[in-house]
Amino acid sequence: MTVERPRKESIYQGSSQRPHGNSGRGADIHSLMVSQKVQLEPLNSTVLRDSDVQFHANIQGNWEITSWDVGGIQVLTIINSLDTVFPSIDRFSARFCPNTNRSCVEFTIHNVTRADAGEVVCTVQGHQPLKAQLYVQESGTVSILGGNVTVMQDEEVEFECVTTAWFPAPTISWTQNDQAVDSSLYNTTHTPDGDFFNSVSIVRLKATRNTRVECLSYVSMLTIPHSSSVYLMLAPKPPDWTVLIAVVVSFGSCGLLVFLILGIMICYKHRKEKKRNYQDEMRRVKTHSQLSVVNTAEQVTGQVNESYELENQSSDWAESGFLKHRHITFV
C-alpha cells in the first residue's frame, strides 16, 4: 500500500459520488451496499499516552472507500481500487490486515496524546459510521516526603506520599518490606488540577524493626507501578542499667558481707589477743608487784653483818662494857 497526498482527480475513482453514466451502474452499487457488512473492533480501548493503538475494520464484500476520524477530524482515507492511503497527519497510518484479501483494514494512531481521547469513527462508503471509544491514561510522579526516618522502638511514624499530574486519579497503596500494608492504616485524597489529578496518601506505621516503606501509584494500563521508597530505622536502645545495677549490687552486697565477716573475725581476734595481752600484762604487773613487795620486805628487814666492826675503835670499847655496835646493811 502506497501513501500519497490527495489528488482531486483520484478521489472520486470507484466512488458512489462519481457521476453515473447509466442507471445499470447505479443498480449495481445499490446491490453492493446491501450485501456488505462492516464490523469495528475494539469498541473500547484504553492506552497510555505516547503509546500506539490499533483499530480494525472488517468488511464483508467489495468496498471502495474507507475513512477514519479522530476527535471529529478526518485523519485518513483509503481508496481500495487505487491501493492508496491519503493521510492528513503523520501520526496516523493504515494497512490491510495480513491474509485477509483486503477484507480487513488496520488503523493505527501513533504516539497517542490526551487530545486523541474520545470517539474514533470508521466510515465505509455507503454505510453508517461505526464508532469506538478511546481512553488515554497518563502517569505522573510519586514521592514520599521527608526521606528516611529514625525512631525509637514501638514509636508510631507517619509517612506522606504525594503524586502529581496523573490521569485519571491513580490508585495508591503501601508496602512494608514488600508486604502489603492494610488499607485501614492509610487514607488517600485526590484533587483535580486542570486536566490532571494530584493525590496525597498518609500512612501511620508502628516501628517494630528496620523496614523499607514504599508508596506505589498506578493506573490500569501501567504494567509496573511507579513507586517511591524510604527506610524506617530503629534508633539504638540506650544501655539498660537495671541489670548492671542489680549485678553490681549483688556482688557489692556479697563483698560487703564478706568484708563484714572478715572485719568481725579480725576484731574478735584482735580483741581476744588484746585481752590475752592484758591478762598477761596484769599477771606480769602482779608478779612484778609481788617481787617488789618481797624485795621491799627484804630491804626493810635487812641482814646483820656479823663481821662488820667500826673502824678506829679500840678494843677498849669492847672491854669497857658497852654493847658492841652492829652495822645493818640494806641491800
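1. Basis. The model is predicted, so local features need pLDDT of at least 70 and side-chain atom pairs count only at pLDDT 80 or more, whereas totals for chains, interfaces and linings use all residues. Residues are numbered from 1 along each chain as its sequence is written, and side-chain values use heavy atoms, with hydrogens and water left out.

2. Whole chain. Four helices and 22 strands make up the secondary structure, where helices (H or I, at least four residues) and strands (E, at least two) are DSSP runs numbered from the N terminus. Among the 331 residues, 25% count as buried, meaning under 20% relative accessible area, with exposed meaning over 50% and partly exposed in between (1.4 Å probe, protein chains only).

3. Contacts. Taking contact as heavy atoms within 4.5 Å, residues 24 or more positions apart account for 61% of the chain's contacts with a separation of 6 or more.

4. Thr211. This residue belongs to strand β19 (residues 211–218), and Thr211 counts as buried because its relative accessibility is 5%. Leaving aside residues up to four places away in sequence, Thr211 touches Gln176, Asn177, Val230, Tyr231 and Leu232.

5. Ile264. Helix α3 (residues 241–301) contains Ile264, which counts as exposed because its relative accessibility is 54%. Ile264 is also one of the residues of a nonpolar surface patch, whose members include Leu257, Phe259 and Met265.

Note on methods:
Patch = residues over 30% accessible without salt bridge, like charges linked within 9 Å, V, L, I, M, F, W, Y side chains within 5 Å. Areas by Shrake-Rupley, 256 points an atom, 1.4 Å probe, with all protein chains shown as cover. Salt bridge = Lys/Arg side-chain N within 4 Å of Asp/Glu carboxyl O.
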